[in-house]
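Hi,

Here is the structure I promised to pass on. Have a look at it first, and my notes follow below.

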Amino acid sequence: MKDAQYNEHGQPIGAALPGWQPAKRLDRTALQGSRVRLEPLSAASHATTLYAAFLLSGEGPHDTPKARWSYSGGMPFTTAEQCAAWLAERARSEDTLFYAVVEAGSNRALGLASYLNVVPEHGSIEVGHVHFTPALRRTPEATEAMLLMMRHAFSLGYRRYEWKCDALNAASRRAAERLGFRFEGIFRQHRVVNWRNRDTAWFSLLDSEWPGVEARLQHWLAPENFDDQGRQLRSLSALMQHDR
């Protein structure tokens, strides 16, 4: 096992962490990027544009408004009023901190993401409840949003950044690996969701891995990596695999 040490009984034990201090607790700080900013979720500020964006259809049968919620328990609203109420409930959450992903140019909220399972004493934090609408998915704005959340978590002293998803959610698993997370395994029969079994795929990114991942994310997002039509010149997946 990596960095294993031995105690006085000759047993392998985990590496010492001299000077370890718990990570800082989260607060409701907005995170500013060049393409997007992440604002603490507010139904009053974000419900109108989020609801409109949620109703957009993307490309293919799996990118309809309802299909995008298949792996997270189903679409939780059908009207603008229900959407606003659902967002307001999440905005009040204390143990899961929700952000709206707001496009810098238009000031439209186009997606959601959150921190959850936050354990400062162990330096562990998870990103989840990621709902990116067709206007945000597969864009540099979406990647920058994830970069901002990663950077903020590691700046607060967290040493383990987690991503979990339904093991059958191939798109989420691809997204995790594209962003530099490493696959750790499957928790079998982890949950029951809508009376169906859910196995959960676990991914993580460690503080020791973060500087390299951050550099590759920044390299991919740099203007010179895109042509005049906004098409990437080198994929992020290729950059992430280069040093593996």
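Let me start with helix α1, which lies across β4, β5, β6 (109-119) and β7 (124-132). Its direction is at about 105° to β6. Here, lying across rests on contact, meaning heavy atoms within 4.5 Å; axes are lines fitted to C-alpha atoms, for helices over the stretch in contact, with angles from 0 to 180 degrees between N-to-C directions. Helices (H or I, at least four residues) and strands (E, at least two) are DSSP runs, numbered from the N terminus.

Before the rest, some housekeeping. This is a predicted model, so local features need pLDDT of at least 70 and side-chain atom pairs count only at pLDDT 80 or more, while totals for chains, interfaces and linings use all residues. Residues are numbered from 1 along each chain as its sequence is written, and side-chain values use heavy atoms, with hydrogens and water left out.

The sheet: eight strands form an open one, in the order β3-β4-β5-β6-β7-β8-β10-β9, with mixed pairing. (Two strands pair if DSSP finds at least two bridges between them.) The edges are β3 (31-32) and β9 (182-193); each has a single partner strand, so one side of each is left without a neighbour in the sheet. Strands β4 (residues 36-40) and β5 (residues 97-103) are antiparallel to each other, over five bridges, and Leu-38 has Val-101 as its bridge partner in β5.

Leu-38 turns up again in the largest nonpolar core, which has 45 residues. A nonpolar core is a set of buried Ala, Val, Leu, Ile, Met, Phe, Trp, Tyr and Cys residues joined through side-chain atoms within 4.5 Å; buried means under 20% relative accessible area, exposed over 50%, partly exposed in between (1.4 Å probe, protein chains only). Helix α3 (residues 140-155) gives the largest share of this core, nine residues. Leu-217 is also among the residues with the most contacts inside the core, and its contacts beyond four places in sequence include Leu-147, Trp-210 and Met-240. There is a second, separate core of 17 residues, Val-102 and Leu-112 among them.

On to charges. Twelve salt bridges are present (a side-chain nitrogen of Lys or Arg within 4 Å of a carboxyl oxygen of Asp or Glu). Arg-160 bridges to Glu-162 at 2.7 Å, N to O, and both of these residues are buried. Arg-160 also forms a salt bridge with Glu-184, with the closest N and O atoms 2.8 Å apart. That pair links strand β8 (residues 160-166) to strand β9 across 24 residues of sequence, and Glu-184 is partly exposed at 43%. Through shared partners, Glu-126, Arg-160, Glu-162, Lys-164 and Glu-184 are joined into one network.

Asp-63 sits in the loop between α1 (43-54) and α2 (80-91). How exposed or buried is Asp-63? It is buried, with a relative accessible area of 5%. Its side chain makes a 2.6 Å polar contact with that of Arg-137 (a pair of N or O atoms within 3.5 Å; within protein, one must be able to donate a hydrogen and the other to accept it, and residues adjacent in sequence count only if both atoms are side-chain atoms).

Finally, a backbone detail: most residues other than glycine have a negative phi. Asn-107, in the loop between β5 and β6, has a positive phi near 60°. Asn-194, between β9 and β10 (196-206), has one of about 50°.

Cheers
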